[in-house]
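Please keep the sequence and the model in view while reading the points below.

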Amino acid sequence: MHDDTKQDADWALETLAIRAGHQRTHEQEHGEPIFPTSSFVYGSAAEAARKFGGEEPGNIYSRFTNPTVHTFEQRLASLEGGERCVATSSGMAAILSTVIALLAAGDEIVASRSLFGSTVSLFDKYFGKLGIVTRYVELSDLTAWEAAITPRTRLLFAETPSNPLSEVVDIAALAEIAHRHGALLAIDNCFLTPALQRPLALGADLVIHSATKYLDGQGRTVGGAVVGRNQELEEVFGVVRTCGPCLSPFNAWVFTKGLETLNLRMRAHCDNAQKLAEWLQDHPAVAKVHYSGLPDHPQHVLAGKQQLGFGAVLGFEVEGGREAAWSVIDATRMLSITGNLGDVKTTITHPATTTHGRLSEAQKEAAGIGDGLIRVSVGLEALEDIRADLARGLDALI
């Protein structure tokens, strides 16, 4: 009997995004099912004992074994080219679980200054309480990364491209530095997804996702994931199993269906973002545009080399500080004023008072988060409508 649930090693990314991970049940369903159950039943006490004891694979409890979640994990691992994926309740839970799993008191992290504000808070406030020290460096400065490493460094952590300035680091070179010092490299691939960048193929050890963003793509659910080798992922799985930051079956199902259109969506997002960045660059009210797809971006050539696209998040600066930036944001009628991103709907926010608002003034300055900076996550509406909505506020500044 024909069985199209079996994964072909030669399948393209577009095919993997639609076919990988789904093991059809005895019902022979075509679409992936949802298993909204907390527990699973066994045919005998002996079977239960074998499964609880790890002697036989199978479902135990949905905190750590659920068929719907497993389908999402297998599909994302296939797309990223990883041996295994562990899903979590959010992107922040993915970072939390990774660090708790792989580091201990006295260990150190070297991270980019250009991180999501909550990631910085997690590293400094909460991991700091556990005796894990984080040192911050400029994302693109490989010399600074190496200089910050000590004998206690266990993990290098970076977002590339960065939020919201689209800074880029050479992943292959950074991986070589990490491995030479006996450390692991984790890359937050939230902004590009495996449709546009595959960090593991470039030498990274771990890939972190806020699945809430582009993996879903429609702003419906919250979740996260870690992808990498089984050796490290087994430890991350142990944290999820014991501590419980698990992904719900329903959210996993939403993400699985989102992956089916990931490649098409990301390419359409990139096309809109590129054209919008070029338009903004020519607008007299815009002082600077931060988007790696622009030829004058400092890492434009590197981004073109290690990415299949430049992503859909861009930042631009206006003169006049917070008052001017807020006036542009408030003049919009269609764009959604929200800190979320990765949606088919274009979103706009003021990073200095939202996504990075919890950082100190010194941290904001170091990360390049000024009061005149506006971030746009470019959606899939008609480009002319996005431009017209932004022009309402920008034209008023001239």
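Where is the place of Thr65? In this predicted model, Thr65 belongs to the loop between helix 2 (45-52) and helix 3 (67-80).

**Thr65 and its surroundings**
- Thr65 has a relative accessible area of 15%, under the 20% limit, and therefore counts as buried.
- Setting aside residues up to four places away in sequence, Thr65 touches Phe40, Gly58, Asn59 and Ile60.
- A polar atom of the Thr65 side chain lies 2.7 Å from the backbone nitrogen of Ile60.

**Helix 2**
- Glu47, Ala48 and Lys51 are the buried residues of helix 2.
- Viewed down the helix axis, these buried residues fall within an arc of 100°, so they line one face of helix 2.
- After helix 2 comes Gly54, which has a positive phi, near 80°.

- An open sheet with mixed pairing is formed by 7 strands in the order 1-7-6-5-4-2-3.
- Strand 1 (84-88) and strand 3 (133-137) are the edge strands, and each pairs on one side only.
- On average, neighbouring strands of this sheet are turned by 20° against each other, direction ignored.
- Strand 2 (residues 108-112) pairs with strand 3 in the parallel sense over 5 bridges, and Ile109 has Thr134 in strand 3 as its bridge partner.
- Helix 4 (residues 91-102) lies across several strands, among them strand 4 (153-159) and strand 5 (184-188), and runs at about 150° to strand 6 (206-210).
- Helix 9 (residues 230-243) lies across strand 1, strand 5, strand 6 and strand 7, at about 20° to strand 1.

- Strand 10 runs parallel to strand 11 (residues 347-349), and 2 bridges join them; Ile337 stands opposite Ile348 in strand 11.

**Asn272 in helix 11**
- Asn272 is part of helix 11, and this residue is buried because its relative accessibility of 10% is under 20%.
- Beyond its neighbours within four places in sequence, Asn272 is in contact with Val378, Gly379, Leu380, Glu381, Leu383 and Ile386.
- The C-alpha atoms of Asn272 and Leu383 are separated by 6.2 Å, although the two residues are 111 residues apart along the chain.
- The Asn272 side chain has a polar atom 3.0 Å from the backbone oxygen of Gly379, and this side chain also reaches the backbone oxygen of Glu381 at 3.0 Å.

**Cysteines**
- The structure holds 0 disulfides.
- Cys85 is buried, with a relative accessible area of 5%.
- Cys243 is likewise in no disulfide, and its nearest cysteine sulfur, that of Cys246, is 11 Å away.
- With a relative accessible area of 57%, Cys243 is exposed.

Key: Residues are numbered from 1 along each chain as its sequence is written. This is a predicted model: local features need pLDDT of at least 70, side-chain atom pairs count only at pLDDT 80 or more; totals for chains, interfaces and linings use all residues. Side-chain values use heavy atoms; hydrogens and water are left out. Helices (H or I, at least four residues) and strands (E, at least two) are DSSP runs, numbered from the N terminus. Buried means under 20% relative accessible area, exposed over 50%, partly exposed in between (1.4 Å probe, protein chains only). A polar contact is a pair of N or O atoms within 3.5 Å; within protein, one must be able to donate a hydrogen and the other to accept it, and residues adjacent in sequence count only if both atoms are side-chain atoms. Contact means heavy atoms within 4.5 Å. Two strands pair if DSSP finds at least two bridges between them. The arc is that of the directions from the helix axis to the C-beta atoms. A disulfide is a pair of cysteine sulfur atoms within 2.5 Å. Axes are lines fitted to C-alpha atoms, for helices over the stretch in contact, and angles run from 0 to 180 degrees between N-to-C directions.
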